[in-house]
Amino acid sequence: MIRATFQVVPGVGAGRERALWAAGFLDWQTLLNTNDKDVPLPPALLPAVRDALISLEAAWHAQDLVALAAHMPQAEHWRLFAHFGPRAVYVDIEVDPEEGVTVVGVLDESGPKLLMAGRSLCVETLEQHIPSGCLLVTFNGSSFD
């Protein structure tokens, strides 16, 4: 799923990605192993796409979730779940308008945890339960949490 997306550089959106698929470019290696004149993209985009795909192949082999996510538009991050789901950490933050953050709920493969203000909620605890390199899933987190 991840290696089937070509939305890895500005200028390649869903429409151009569909055109690549329709032309038989179903994964990164197919495009990387093809002569530029046979790739249905504007010639000016090809160097950036090829460079991005080479970097992404290296990130894929290293299982570098952070690097993979950095190359994809946020709307395409769902593609990461099929492979990196076991590294998913679900986070929900509850806020009281007067008291601020009151509770943070965290769910990972070891089970649910509630971190409560005034008890177990602190930066160190959050860092312990939300490790770097995890697949972070939030509930409206991109605009709120």
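The points below go from the whole chain to single residues. The model is predicted.

**Overall build**
- The protein holds six helices and four strands.
- From the N terminus, the order of elements is α-α-α-α-α-β-β-β-α-β.
- The radius of gyration is 19 Å, well over the 15 Å that the globule rule gives for 145 residues, so the protein is more spread out than a compact globule.
- Along the principal axes, the C-alpha atoms fill a box of roughly 60 × 30 × 20 Å.

**Burial, contacts and surface**
- Of the 145 residues, 34% are buried.
- Among contacts with a separation of 6 or more, 42% link residues 24 or more positions apart.

**The β2–β3 pair**
- Strands β2 (residues 100–108) and β3 (residues 111–116) run antiparallel, joined by six bridges.
- A hairpin of two residues connects β2 to β3.
- D108 stands opposite G111 in β3.

**Two residues to look at**
- R50 sits in helix α3.
- R50 counts as buried because its relative accessibility is 14%, under the 20% cut-off.
- Leaving out residues up to four places away in sequence, R50 touches L31, L32, T34, N35, D36 and V39.
- Q63 lies in the loop between α3 (46–62) and α4 (65–71).
- Q63 is not a glycine, yet has a positive phi of about 55 degrees.
- At 31% relative accessibility, Q63 counts as partly exposed.

Technical notes
Residues numbered from 1 in each chain as written. Predicted model: local features only at pLDDT ≥ 70, side-chain atom pairs only at ≥ 80, totals over all residues. Heavy atoms only, no water. Pairing = 2+ DSSP bridges. Buried < 20%, exposed > 50% of the residue type's maximum accessible area, 1.4 Å probe, protein only. Contact = heavy atoms within 4.5 Å. Rg over C-alpha atoms; globule rule 2.2 N^0.38 Å.
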